[in-house]
Amino acid sequence: MLDFDQVVAQAMRFADQDGETLVIVTADHETGGLTLHGGDYASGYVAGLFATDDHTAAPVPVFAYGPGAQLFGGVYENTAIFHKILQALDSNLNAAKKP
């Protein structure tokens with residue numbers, strides 16, 4: 001998770017410098033009902049148990065940063081993400097065409 005956090009931070013720094021990059025972080029589904037029950041932040045150790053070895057019905061978060069990020073707020077079906085990405089691309093392309 002620490003590696004993942006560092007990669008997202010790097011993507012956000014790139015987006016800040018570029019000014020035209022939308023960073024989207026999500027998952028296609030939640031799996032296993034992971035429950036964290038211990039760990040040590042200093043050493044990077046995390047202890048967890050899985051409630052199942054299959055998908056669960058738990059919603060997954062979607063985080064967006066950059067131009068078009070406002071499109072990703074709220075609660076919606078995961079298949080809507082595709083259409084939101086297209087909408088963000090269309091908005092950015094139309095903005096780029098304006099004199």
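Helices here are DSSP runs of H or I with at least four residues, numbered from the N terminus. The model on screen is predicted, and this tour moves through it by selection.

**Helix H1**

Begin by selecting residues 2–18, which form helix H1. This helix has 17 residues and reaches 24 Å from its first C-alpha to its last, close to the 24 Å expected at 1.5 Å a residue.

Ala 9 counts as partly exposed because its relative accessibility is 28%, and the class lies between the limits of 20% and 50%. Now draw a distance from the C-alpha of Ala 9 to that of Phe 82: the two residues are 73 apart along the chain, and their C-alpha atoms are separated by 23 Å.

Next, select residues 80–97, helix H2. Leu 89 lies in this helix. With a relative accessibility of 48%, Leu 89 is classed as partly exposed.

Is His 83 buried or exposed? His 83 is exposed, since its relative accessible area is 52% and the exposed class begins over 50%. From His 83 to Leu 71 the C-alpha distance is 10.0 Å, across 12 residues of sequence.

**Lys 84**

Move to Lys 84, in helix H2. Lys 84 is buried yet has no salt bridge. Which side chain of opposite charge is nearest to Lys 84? That side chain belongs to Glu 77, and it is 12 Å away. Display the backbone of Leu 71 as well: its oxygen lies 3.0 Å from a polar atom of the Lys 84 side chain. Apart from neighbours within four places in sequence, Lys 84 is in contact with Leu 71, Phe 72 and Tyr 76.

**Leu 71 and the nonpolar core**

Centre the view on Leu 71. Setting aside neighbours within four places in sequence, Leu 71 is in contact with Lys 84, Gln 87 and Ala 88. Finally, select Val 62, Leu 71, Phe 72, Ile 81 and Ala 88, the five residues that make up the largest nonpolar core. In soluble globular proteins, nonpolar side chains tend to be buried together. Two members of this core, Leu 71 and Phe 72, are also among the contacts of Lys 84.

How values were computed:
Residues numbered from 1 in each chain as written. Predicted model: local features only at pLDDT ≥ 70, side-chain atom pairs only at ≥ 80, totals over all residues. Heavy atoms only, no water. Helix = DSSP H or I, 4+ residues; strand = E, 2+ residues; numbered from the N terminus. Buried < 20%, exposed > 50% of the residue type's maximum accessible area, 1.4 Å probe, protein only. Lys, Arg positive; Asp, Glu negative; His and termini not counted. Salt bridge = Lys/Arg side-chain N within 4 Å of Asp/Glu carboxyl O. Polar contact = N/O pair within 3.5 Å; in protein donor to acceptor, adjacent residues only side chain to side chain. Contact = heavy atoms within 4.5 Å. Core = buried A, V, L, I, M, F, W, Y, C linked by side-chain atoms within 4.5 Å. Expected span 1.5 Å × (residues − 1).
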